[in-house]
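Please keep the sequence and the three-dimensional view at hand.

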Amino acid sequence: MVLTQFDHLWRGSLYLELRGERVTDVIARLAAEGVPLHHVRVGGRRATLVVALGDFWTLYRVCRRSGVRLRILERSGLPFLWRRAWRRPSFLAGVGLFLAILWTAGSMVWTVDVRGADEDVRAQVLQAAQDVGLYPGAWRRRLPGPDVLQAAILARVPALAWAGVKVEGARAEVEVVPKVPDVKPEPVEPRNIVAGKPAVIIRVLATRGEVVVKPGQVVSPGQVLISGSLAEGTKQVPAAGHAFAEVWYTSRVEVKLEVTQQELTGRSVTKKYLDLAGAGVPVWGFAALPYPASVQRQEETDWRVGPFRLPVQLRTVRVYEVNARTWTQSVEAAKQTALRLAAQDVVGRMGADGRVLGQTVLQAQVAHGKLYATVMTRTEEDIGVPGRIPAAPRVAARAGEPQG
Amino acid sequence: MRAWKRRLQRAAAEMFALPPDALADVCRVTCTDGAELVVENVTAIRRVSDTRIEVDCGRFTLAVEGESFEVTYISGREMHVQGQVAAICYQRRGGAAL
């Protein structure tokens, strides 16, 4: 039955009205001849039915023999649709244009994504892909094979260890594996390791050169810790190693005793704006803000067509009510805050491998609602920095020649 | 000859425990909920109107009475009817209604 209906749609069908005394005879005759009839309604001298377009002339002949008049009430199916379409060239052109645009859009690469690379390498990979013909707007049929693309990208971006290209539909994906950065080469110039800060030596671990300080020794900036001059200066090497020492830092910190903190009450309102070329047009949430104090969080859509960002974006602003609370903290609590602030200050000044050994409040004074504190922080850190080997003294001076 | 053939088909259907319409060329009427009627092995259509349909099934005439009949499909020896079926009547040739 479904096939028959599809057949009618494909080949066309006619909705007919028959009038005459022998309408029933016509129907019986058509059934006897094997003509498929649909939706036959008979009422007295009138009948309506649906017949396939190919069976029309058989029906016409039977009607003529029986003296029954027929009238076409409706034509349906592809043949009639096609004939109507031919009468409207613009409609056909629109259909053709649509199919052409669809085919064109499906034959192009719309996006090129890079996975597994940071921003710098990503830009290089995209540039290399563009150089070999893989870019948004490229014809998929003209793309080289994946092996060729991979080899070309690898050749153009030396920072990559591997590259894979996969094109799925209108989307191309380049997956890359960057090379592990090379190990820094050992310095070849002879040098010393000297103190970078005044400190008390804790331990010195020399991988090359001679240690010239002892644990517990106080050193000043520029003092040699690991010497690169060996065998009384006859041989010079690039000294290397770590010199861990205790360093003292002094920080002056101010802490307010009266603290104001904003707390979210949990109530919020949402406003939506349509950003049109920089101007925000409100589309939702027109009421004035009911909160005396508030904070805002914004989220914006990223609507795109291919690589192009649309000038129209929806911005959602959520306004949260806040309640400001003020209280006075104790001097002890303020001191703890001062120690924490001083530690944060010191962490920024010492090396990455350092650690805080201890802290002491040297001086604390409360004035004008604030705690003014001087905090000493002791740290353990590597204070060694590369230093030049000073030139050897002149041989004549060593020989004890008479001066002046 | 035709009667002999029909008897043989009926005997074969009984022997193999098959439904009679499997081998014998008989008219089969299927009525669903009094609203849809399918008649198979129709020999000819005698009369079609919106209240009565008569079809020739060979050894008898099948008459269906009701209202708002619409023959949704006729093809060869099959006919589909929709409407409100009130009565289905078999009339033997030259005899009374069954």
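Helices, as the term is used here, are DSSP runs of H or I with at least four residues, numbered from the N terminus. The model under discussion is predicted.

Helix 6 of chain A covers residues 119–131 and therefore has 13 residues. From its first C-alpha to its last, this helix reaches 18 Å, close to the 18 Å expected at 1.5 Å a residue. Helix 6 of chain A is followed by A:Gly133, whose phi is positive, near 105°.

A residue counts as buried if 20 or more other C-beta atoms lie within 10 Å of its own, and in helix 6 of chain A the buried residues are A:Val125, A:Leu126, A:Ala128 and A:Ala129. Viewed down the helix axis, these buried residues fall within an arc of 165°, so they line one face of helix 6 of chain A. They pack against strand 5 (111–115), helix 7 (146–156) and strand 7 (171–178) of chain A. On the other side of helix 6 of chain A, the residues A:Glu119, A:Asp120 and A:Asp131 are exposed.

The second topic is the contact between the chains. Chain B contributes 14 residues and chain A contributes 14 residues. On the side of chain B that touches chain A, strand 3 (44–48) and strand 5 (60–75) of chain B are the elements that give two or more residues. Strand 5 of chain B gives the most, with six residues.

Conventions:
Residues numbered from 1 in each chain as written. Chains lettered and ligands numbered in written order. Predicted model: local features only at pLDDT ≥ 70, side-chain atom pairs only at ≥ 80, totals over all residues. Expected span 1.5 Å × (residues − 1). Buried ≥ 20, exposed ≤ 12 C-beta atoms within 10 Å, placed from the backbone. Arc of directions from axis to C-beta. Contact = placed C-beta atoms within 7 Å.
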